[in-house]
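User: Hi! I'm new to reading protein structures. Could you walk me through one?
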Amino acid sequence: MRPFAFARPSDADEAVRAVAGDPEAVFLAGGTNLVDHLRLGIARPALVVDVRTLTSREITGTGDGGLRIGAAVTNSELAADRRVREHYPVLAQALLSGASGQLRNMATSGGNPLQRTRCDYFQDVTAPCNKRTAGSGCSAVGGYTRYHAVLGTNAAPDASAPQTCIATHPSDMAVALAALDARVQLRGPDGDRQIEFTELHRLPGGDPSRDTVLQHGELITAIDLPALPPGTRSAYRKVRDRASYAFALVSVAAVLRVADGRVTDVRLALGGVAHKPWRATRAEEALRGQPAIEAGFRAAAEAELAGAQPQSGLDGGNAFKIPLAARTIVATLRWLTPEA
Ligand code: SF4
């Protein structure tokens, strides 16, 4: 581990200035991902700035009937909140499907969405990896791809190309927030701003090293959940190799409202299939206004996955994810519409 300086500023503004002023500085919140990276040599900061106590640890109602989640609220606290369990079950279920009880007690609402991929090659500092070392290549192409992406990748990823990355985003919470149309409150060196949660994460594009659109030194201070109209139901379904403490092979966050047998509102996001929480806009379009029936759910899922690109690999590849994602979308929507 590279030695680093440690700072505990007195407020968020001071923390932002400290990180923005040093290109080798990072924020530390719950530390459930960063501490691993320090030990593995993936993160080699010169300065670690502790923000754990500098943002709100409260969940408060907003004027429009939604909720504001302070960035320091732990995953356990958020999942246990009565308002979250009653009005946003998709979020409570996603949180409880992630990690372990001990990790959820430490992980924060601001930090969880910023955790980095668990691609084995990213975590092995001896392996070429464009995300960790720009331009070094992508060891996952032609390697073990069971946990890798099928959406949002290049049609034919090239292991030696500097922009190739087929990693998936690991957060369950982020998939639920993408489906809920959450908004992210940010504080940066240029002041405060807010962005749609669906805009926070990015596809690898020409620079796989960047997971998000955040500028260096920008800090998540809160996440806002909009109010959901009466009659809205939501659920999170996660398919994984073990019943607990495992990342998603495929997950689905669904927010659905049905009236007179027709879909009046639907928001779907997928996890375990792309470099970012994948908002399934094609499926949403195919469902909106249509009868809430299983055949329609299946057609919508197939429309979303029509552009999926499976990866071959030493472990048999990940083509299985495409029908698995379709079945998981159908099962989640069916669960939300027992009358269908
Ligand atoms: Fe690195 Fe991405 Fe390739 Fe994994 S998939 S080895 S994170 S470039």
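User: Which domains does the domain assignment give for the protein chain?
Analyst: Domain 1 (5-50) and domain 2 (233-336); such bounds come from an automatic or database domain assignment. Residues are numbered from 1 along each chain as its sequence is written, and side-chain values use heavy atoms, leaving out hydrogens and water. This is a predicted model, where local features need pLDDT of at least 70, side-chain atom pairs count only at pLDDT 80 or more, and totals for chains, interfaces and linings use all residues.

User: How many Å apart are the C-alpha centres of domain 1 and domain 2?
Analyst: They lie 36 Å apart.

User: New topic: where does the ligand sit?
Analyst: The ligand sits in the largest cavity. A cavity is a set of points on a 1 Å grid over the protein atoms alone where a 1.4 Å probe fits but cannot get out. "Sits in" means that more than half of the molecule's atoms lie within 2 Å of the cavity's grid points.

User: Which residues come nearest to the ligand?
Analyst: Of the 14 residues around the ligand, the nearest are Cys 119, Cys 129, Cys 138, Cys 165 and Ile 166. Being near takes a heavy atom within 4 Å.

User: And how does that shell divide by class?
Analyst: Nine residues of the shell around the ligand are nonpolar, four are polar and one is charged. Here Ala, Val, Leu, Ile, Met, Phe, Trp, Tyr, Cys and Pro count as nonpolar, Asp, Glu, Lys and Arg as charged, and the others, Gly among them, as polar.

Note on methods
1 Å grid on protein atoms, 1.4 Å probe; cavity = no way out; pocket = protein on both sides within 12 Å on 5 of 7 lines; lining within 4 Å.
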